[in-house]
Amino acid sequence: MSTAFALSGVTKRYENFALRDIDLSMPEGQVMGLVGVNGAGKTTLLRILGGLALADTGTVEVLGHDMPAQQVAAKSDLGFATEDMRLFKTRTLRWHMDFVRSIYPGWDEVYAADLLRRFDLRAEQRLAGFSHGQRVKALLMLNFARRPKLLLLDEPTTGLDPVARDEVLEALADVLRDEARSVLFSSHNTKDIEQMADTITFVHNGTLLASRDKESFLDDWRRVICHGSWVPDKAAWPEIAAVRQNGSIVELKVRQFSAGLLERMQTQGAEIRSADPMNLEDIFVTTVRAGGAA
Ligand SMILES: Nc1ncnc2c1ncn2[C@@H]1O[C@H](COP(=O)(O)OP(=O)(O)OP(=O)(O)O)[C@@H](O)[C@H]1O
């Protein structure tokens, strides 16, 4: 199977921030969600892949092309929806569509017309009159209609109302029906990532905390409620990421759940009341607060 992208030993240093030792890759045909707090390094990572920023060290490969040496070849099959891509306020959306079509031979006019309808956008309107949500949808439309093999989307749903967000996620799901297409997208909205991604990557302070297949990720974590006086010492229980005691109730966030773990806890005197799955947001927040790998 070919790789959509591969980063190895990538470092990027700014005055007050460093992306450090990033090893990350994704096979073609997958969707990866990047989750991280403000300033974690998500946009920097996407910009390095999109050829808009240069890594200081390490190797970057996009669709089989070395970056930046072969970036022209990579960019012909790469779509990048980001605030960096300026739209011209005095021009119409039609003007932008014609411009993109003149550069990229893969432009699909029928699909573009379908996206215009779906996103409720008017091609003859000047960008100056677009709302924030309309601008975001226009940017996505201009990228989707090129039918790139790899789509990099920086916060594609931020600032959208719930209906627009649903339209965008639906269009994204359509893009992904074609098995050769790959998507890497960042979001603060863990619900979007939980809904769309096959693989989930947590970024924090410029480092990768975890990058794993979504199902195994969600399968491994549990919120366990115990009753009684037993409170685990986290140093002795590496599977437990967080402990919170409230009277006789002890809440545990477990990162490597198993039946064997519950048995061991019971032999220590824990009275287990429940062991429930956790959502991605809870897993992410617990991982960051525990200050380590998920
Ligand atoms: N060109 C630059 N020069 C100096 N510092 C930069 C530059 N670009 C990014 N940074 C810094 O790198 C850090 C990471 O920024 P980045 O935009 O990658 O984070 P992010 O995870 O995308 O955050 P957000 O969710 O807020 O968009 C920030 O502290 C930012 O100030």
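This is a predicted model: local features need pLDDT of at least 70, side-chain atom pairs count only at pLDDT 80 or more; totals for chains, interfaces and linings use all residues.

Me: Which residues are buried in helix α10 (residues 280–290)?

Reply: A helix is a DSSP run of H or I, at least four residues long; a strand is a run of E, at least two long; both are numbered from the N terminus. A residue is buried if 20 or more other C-beta atoms, placed from the backbone, lie within 10 Å of its own, exposed if 12 or fewer, and partly exposed in between. In α10, the buried residues are Leu280, Ile283, Phe284 and Thr287.

Me: Which elements do the buried residues of α10 pack against?

Reply: Two residues are in contact if their C-beta atoms, placed from the backbone, lie within 7 Å. By that test, the partners are β3 (31–35), α7, β9 (199–204), β10 (207–213), α8 (214–220) and β12 (240–246).

Me: How many strands does the chain have?

Reply: Buried residues make up 35% of the 294 residues in the chain. The secondary structure comprises 10 helices, and the number of strands is 14.

Me: How far apart are the C-alpha centres of domain 1 and domain 2?

Reply: The domain bounds come from an automatic or database domain assignment. Domain 1 is 3–213 and domain 2 is 222–277. The distance between their C-alpha centres is 40 Å.

Me: What span should helix α6 (residues 162–175) have?

Reply: The expected span is 1.5 Å times one less than the number of residues. The end C-alpha atoms of α6 are 20 Å apart, which agrees with the span its 14 residues should have, 20 Å.

Me: Within what arc do the buried residues of α6 fall?

Reply: Those buried residues are Val168, Ala171 and Leu172. They line one face of α6, because the view down its axis puts them within an arc of 100 degrees.

Me: Which residues of α6 are exposed on the other side?

Reply: The buried residues of α6 pack against α4 (109–118), α5 (132–144), β8 (182–187) and α7 (190–196). On the other side, the exposed residues are Pro162, Val163, Asp166, Glu170 and Ala173.

Me: Is Arg165 buried, exposed or partly exposed?

Reply: Arg165 has its place in helix α6. Leaving out residues up to four places away in sequence, Arg165 touches Thr157 and Leu160. Because 19 C-beta neighbours lie inside 10 Å, Arg165 is partly exposed.

Me: What is the omega of the peptide bond from Met67 to Pro68?

Reply: Most residues other than glycine have a negative phi, and most peptide bonds are trans. Pro68 is in the loop between β5 (65–67) and α2 (71–76). The bond from Met67 to Pro68 is cis, with omega near 5 degrees.

Me: What is the phi of Asp120?

Reply: Asp120 lies in the loop between α4 and α5. It is exposed, because 12 other C-beta atoms lie within 10 Å. Asp120 is not a glycine, yet its phi is positive, at about 55 degrees.

Me: What is the phi of Arg147?

Reply: Arg147 is in the loop between α5 and β7 (150–154). With 18 C-beta neighbours inside 10 Å, Arg147 is partly exposed. Arg147 is not a glycine either, and its positive phi is about 50 degrees.

How values were computed
Residues are numbered from 1 along each chain as its sequence is written. The arc is that of the directions from the helix axis to the C-beta atoms.
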